[in-house]
Amino acid sequence: MAFELPKLGYAYDALEPHMDARTMEIHHSKHHQGYTNNLNNAIVGTDLDGKSIEDILANLDMSNGAVRNNGGGFYNHSLFWTVMNPEDRGYLSGELKNAIEAAYGSKDEFIAAFSKAAATRFGSGWAWLCAHKGGKIEICSTPNQDNPLMPGVSCGGTPILGLDVWEHAYYLNYQNRRPDYIKAFFNVINWNEVERRYAEAK
Ligand code: MN
């Protein structure tokens, strides 16, 4: 069963002005579609065919570049679209709010720490908020399309929030101003979805 590009759940222009429509369209319909196609091509006829993407990533042979890059790209973007929303975003609350305050002191300090992880990722990659069993949370970042589910990356737990800091995610609108893009991300986070993922992961 081949992987399919997930639908966005909102229009390409729905996150304007924070995420511009042209970037969203290219990012979803070209980049994410490309990772999806290449992942399918890499696993067809192998023993990975038919497994869930979480299973594939958790048991990945990291020397398998095609599955590492494209499986990561498929999973990472699938998460990314769901943690943003033009409406019904909710707000940081409940057990996740408690965990964030326990780890970082306040929501603002959490935002500062996450933003730093995203801003200081050299080259292409992702910033993550991950949840561990028991409820502890952790901010980290990974290069390229690596992902906290993969073995041996310096990042553990289950990702519950992710920010793509590849230039293709922001260059049309923000050019070299990655910090402005990171700031804009916090205007469109779907906290309801992040909390749902936290409850599931912890
Ligand atoms: Mn991307």
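1. What share of the contacts in the chain with a separation of 6 or more comes from residues 24 or more positions apart? Such residues account for 69% of these contacts, a contact meaning heavy atoms within 4.5 Å.

2. The model is a predicted one, in which local features need pLDDT of at least 70 and side-chain atom pairs count only at pLDDT 80 or more, while totals for chains, interfaces and linings use all residues. Residues are numbered from 1 along each chain as its sequence is written, and side-chain values use heavy atoms, with hydrogens and water left out.

3. Eight helices and three strands make up the secondary structure of the chain, and from the N terminus on they run α-α-α-α-α-β-β-β-α-α-α; helices (H or I, at least four residues) and strands (E, at least two) are DSSP runs, numbered from the N terminus.

4. Of the 202 residues in the chain, 48% are buried, that is, under 20% relative accessible area with a 1.4 Å probe and protein chains only.

5. The manganese ion has as its protein donors His 27 (NE2), His 77 (NE2), Asp 164 (OD) and His 168 (NE2), which lie 1.9 to 2.1 Å from it; donors are N, O and S atoms within 2.8 Å of the metal (3.2 Å for Na, K and Ca), and because water is not among the atoms, sites may look incomplete. Since His 27 lies in helix 1 (residues 21–43) and His 77 in helix 3 (residues 65–82), the pair ties together parts that are 50 residues apart in sequence.

6. His 27 counts as buried because its relative accessibility is 1%, and His 77 counts as buried at 0%.

Conventions. Buried < 20%, exposed > 50% of the residue type's maximum accessible area, 1.4 Å probe, protein only.
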